[in-house]
Amino acid sequence: MSTRFELKPLSGRTGAEVFSVDLAGDLPAETVAKLRRALLEHHVLVFRGQQLSPEEQLRFGRRFGELERHPFVAGNADHPEMIDIITEPEDTANFGGGWHTDLTFREAPDLGSILYAVQLPPAGGDTLFANQQAAYEALSETMKGILDGLVAVHSAAEQYGPRGYSTRSRAVATTDTDLAAQGVEHPVVRTHPESGRKALYVNRAFTARIKDMRRDESAALLEFLFRHAVKEPFTCRVRWEPGTLTMWDNRSVQHYALHDYAGHRRHMRRITIRGDRPV
Ligand code: SIN
């Protein structure tokens, strides 16, 4: 099997479409290594026209690491590491409908996710991504100096606690209050374990406060960072087609699943790859 593929950037800084790779096949190790390098460079990789069974998607994901279960979303009955993200026509909330980085309320948030489109609305349901390395690099040296060394507390309480936004999505199966309330600490600026590049690492969904700051100081700084992090020049937009698979590096992007397709059904299959503790 050929190990060559072509890449076409989706925007100036974030995302690329990958051509001439059949993910259902038994990919050579060289291809997987090249895809890893492409992910480090582009952060989001989009593959069109894939015909993937759940087993083939899982097999592809395992080439990048160990897969893990979502703590609040029930796994697929046959494949617990896979979640079916379904929005029904009558739903008023969707899963992932706000800027976030997956699972930063855990000590070791996932490395990345692999999302496959099964059923799509006739229009809409796009996913936005924002490059957090570009967001960090765009800051002044003075602001970088303030942020480097700061620590933030992350928690699932606002999303998965009682009345949390995500609990309105049908994907969420448990509202374990104790688990949702636990806080974990992560650096405000993380260094990518493979590329060594620095990225902003706070997100509106899960970052509760900055440690060792007064509440109003923390709130003001976080509000600035939440807005800065998702400015248009750092973003790309993935327009899904049936059979599109998108893989992203959760260590360098935030994402946002738009819900602009009321009255229609959307069904995606997601798996996540285990990550390490941010430093
Ligand atoms: C998510 O992983 O947050 C959901 C993304 C999507 O459904 O587009």
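**Entry 1: the sheet with S7**

I began with an open sheet of three strands. I read its order as S13-S7-S15, and the pairing is antiparallel. I noted that the model is a predicted one.

Which strands stand at the edges? I found strand S13 (235-238) and strand S15 (253-257) there. Each has a single partner strand, so one side of each is left without a neighbour in the sheet. I also looked up the twist, which averages 20 degrees from one strand to the next.

Next I looked at how S7 meets S13. Strand S7 covers residues 127-131. How many bridges join S7 to S13? I noted four, and the two strands run antiparallel. I picked out Ala130 and looked for its bridge partner in S13, which is Thr235.

**Entry 2: the sheet with S8**

I then turned to an open sheet with the order S9-S8-S12. Three strands form this sheet, and the pairing is antiparallel. Its edge strands are strand S9 (183-187) and strand S12 (207-210). Each of these edge strands pairs on one side only.

Strand S8 spans residues 151-155. I noted five bridges between S8 and S9, which run antiparallel. Which residue of S9 does Ser155 stand opposite? I found Gly183.

**Entry 3: the ligand**

I listed the residues around the ligand. They are Ile85, Phe95, Gly96, His100, Leu115, Thr127, Trp248, His255, Ala257, Arg266 and Arg270.

Then I checked polar side-chain atoms against oxygen atoms of the ligand. For His100, an N or O atom of the side chain is 3.0 Å from a ligand oxygen. For Arg266, a polar side-chain atom lies 2.8 Å from an oxygen of the ligand. For Arg270, the distance from a side-chain N or O atom to a ligand oxygen is 2.7 Å.

How much of the ligand does the protein bury? Taken alone, the ligand exposes 260 Å², and the protein buries 100% of that. I also looked up the space that the ligand takes, and this space is the largest cavity.

Which elements give two or more residues to the shell around the ligand? I found S15 and strand S16 (266-273).

Methods
Residues are numbered from 1 along each chain as its sequence is written. This is a predicted model: local features need pLDDT of at least 70, side-chain atom pairs count only at pLDDT 80 or more; totals for chains, interfaces and linings use all residues. Side-chain values use heavy atoms; hydrogens and water are left out. Two strands pair if DSSP finds at least two bridges between them. Axes are lines fitted to C-alpha atoms, for helices over the stretch in contact, and angles run from 0 to 180 degrees between N-to-C directions. A residue is near a molecule or strand if one of its heavy atoms lies within 4 Å of it. A polar contact is a pair of N or O atoms within 3.5 Å; within protein, one must be able to donate a hydrogen and the other to accept it, and residues adjacent in sequence count only if both atoms are side-chain atoms. Accessible areas come from the Shrake-Rupley method with a 1.4 Å probe; for residues, only the protein chains shown count as cover. On a 1 Å grid over the protein atoms alone, a cavity is a set of points where a 1.4 Å probe fits but cannot get out, and a pocket is an open set with protein on both sides within 12 Å along at least five of seven lines; lining residues have an atom within 4 Å of a point. A molecule sits in a cavity or pocket if more than half of its atoms lie within 2 Å of its grid points.
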